[in-house]
Amino acid sequence: MKDENVDTPQAMKIRQGIQDAMTHSLPDKKFNEKNIDLVEIDIELDKLGRNFRNYRILNLTDIHLGQWVNPEYLESLVDYVNTLNFDLITLTGDYVSYVLSDYDKVLEKCFSKLKADDGKYGVFGNHDHWMSSDIMKSVFEKSGIVNLNNDVSILERDGDFINLCGVDSCTVCADNLDLVLKKLKADAPSILLAHEPDFAQHSSQTGKIDLQISGHSHGGQFIIPGFKTTPFRGPNSTKYPVGLYKVENMIQYTSKGLGTNSFRLRINCKPEITIITLRSNKKQKIPIE
C-alpha cells in the first residue's frame, strides 16, 4: 500500500547540485541507433485470442532524463521509435533521476510525440515518486499517456480482449495488486507493467498474470559475456535482473532500460528498446465447403 510520507533520499538531494552540469558537459550527447539494442522477443500466451496474434508492444523504461540522458538525445530517440513497427507503447518507470525541474516539460514534449495506433500506457518507478508523483501524473495527462498505476485498461479487437494492467512502484510501497486483480476481465490474458522485476514473486502467485514487463535494474550495467546475466543486482532486481524468465506459470521480462543511475558506464549491456510480439497457440478453424 502507498506510503504518503515517502521522502526524497538525502543522498539524492546532494547529487542534484552537480547532475545537470555533468550531463550537459558530455562530449557525445547525441542519440545513435547503433548504440541501442533493439530487442525483439516472441511471447506465447495461452489465452490470447486470434485477433491479437502478432500484436506488437514496444516498451521503454528507465530513461533517467537529466542524468547522462539529455533532452536532445531523448528527442532523437523518440524520432527513431516512431519509425519502428508496433501497435502499442508501454512505459515502465524512472523517467527522471534526481532533478525534475524543467525536465517535466521535456518529457511532456517528447512523450507527446510518441505515436502508437493503440495508445501509450505507463506506470511509475521509484525515482518518479522521489521527485514528484504529482508532477509525473501531470506529464502523463498532458502527453496522452494512460496512467496504469494500480489500474487496468481492457484492449479489444473484434471480440478478443487483453487485460493491460499496471502496479505503482513497490520500492516506495505504492503498489496495490489487489485493486488490479478486482478489475481483470475473466478469460482474457493479462499483461502487467511493474517497474521492479522482483515484483514477479507476488504477481506470479496470483495465477492471473500471464506476462510481466519491468525495468529498474538497467541490466546491472554489466552483463557477463556468454552468460546473459549480471553480478550487479540491486534491491527489487536480485532475482530477475535482465532478460526473460519463467516464474511459476507467468513470463517475466526485464529490460536493460535506456538510461543509467549513478555511473554512466555500461559493459556488454547496451541501452534497450524492447518490442514484444504476442503469439497465440489457438488453432483457427477453417470451414470445409
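Helices (H or I, at least four residues) and strands (E, at least two) are DSSP runs, numbered from the N terminus. The model is predicted: local features need pLDDT of at least 70, side-chain atom pairs count only at pLDDT 80 or more, and totals for chains, interfaces and linings use all residues. Residues are numbered from 1 along each chain as its sequence is written, and side-chain values use heavy atoms, with hydrogens and water left out.

**View 1. Leu-265 sits in the loop between strand 11 (250–254) and strand 12 (272–280).** Leu-265 is exposed because its relative accessibility is 58% (buried is under 20% relative accessible area, exposed over 50%, partly exposed in between; 1.4 Å probe, protein chains only). With Phe-263 and Ile-267, Leu-265 makes a nonpolar surface patch of about 350 Å². Patch residues have over 30% relative accessible area and no salt bridge; nonpolar side chains (Val, Leu, Ile, Met, Phe, Trp, Tyr) are joined within 5 Å, like charges within 9 Å. Areas come from the Shrake-Rupley method with a 1.4 Å probe, and for residues only the protein chains shown count as cover.

**View 2. Strand 3 (residues 88–92) has five of its five residues buried.** Leu-88, Thr-90 and Thr-92 point one way; Ile-89 and Leu-91 point the other. Strand 3 runs parallel to strand 2 (residues 55–60), with four bridges, and parallel to strand 4 (residues 120–123), also with four bridges. Strands pair if DSSP finds at least two bridges between them. Leu-60 partners Leu-91, and Thr-90 partners Tyr-121.

**View 3. Arg-279 and Asp-42 form a salt bridge, with the closest N and O atoms 3.2 Å apart.** Arg-279 lies in strand 12 and Asp-42 in strand 1 (residues 37–45), so the pair ties together parts 237 residues apart in sequence. A salt bridge is a side-chain nitrogen of Lys or Arg within 4 Å of a carboxyl oxygen of Asp or Glu. Arg-279 is partly exposed at 29% relative accessible area, and Asp-42 is partly exposed at 49%. The structure holds ten salt bridges.

**View 4. Arg-157 forms salt bridges with Asp-87 and Asp-118.** The closest N and O atoms are 3.4 Å apart for Asp-87; the N to O distance is 3.7 Å for Asp-118. Arg-157 is in strand 6 and Asp-118 in the loop between helix 3 and strand 4, 39 residues apart. Asp-87 is buried at 15% relative accessible area.

View 5. A disulfide is a pair of cysteine sulfur atoms within 2.5 Å. The count is zero disulfides.
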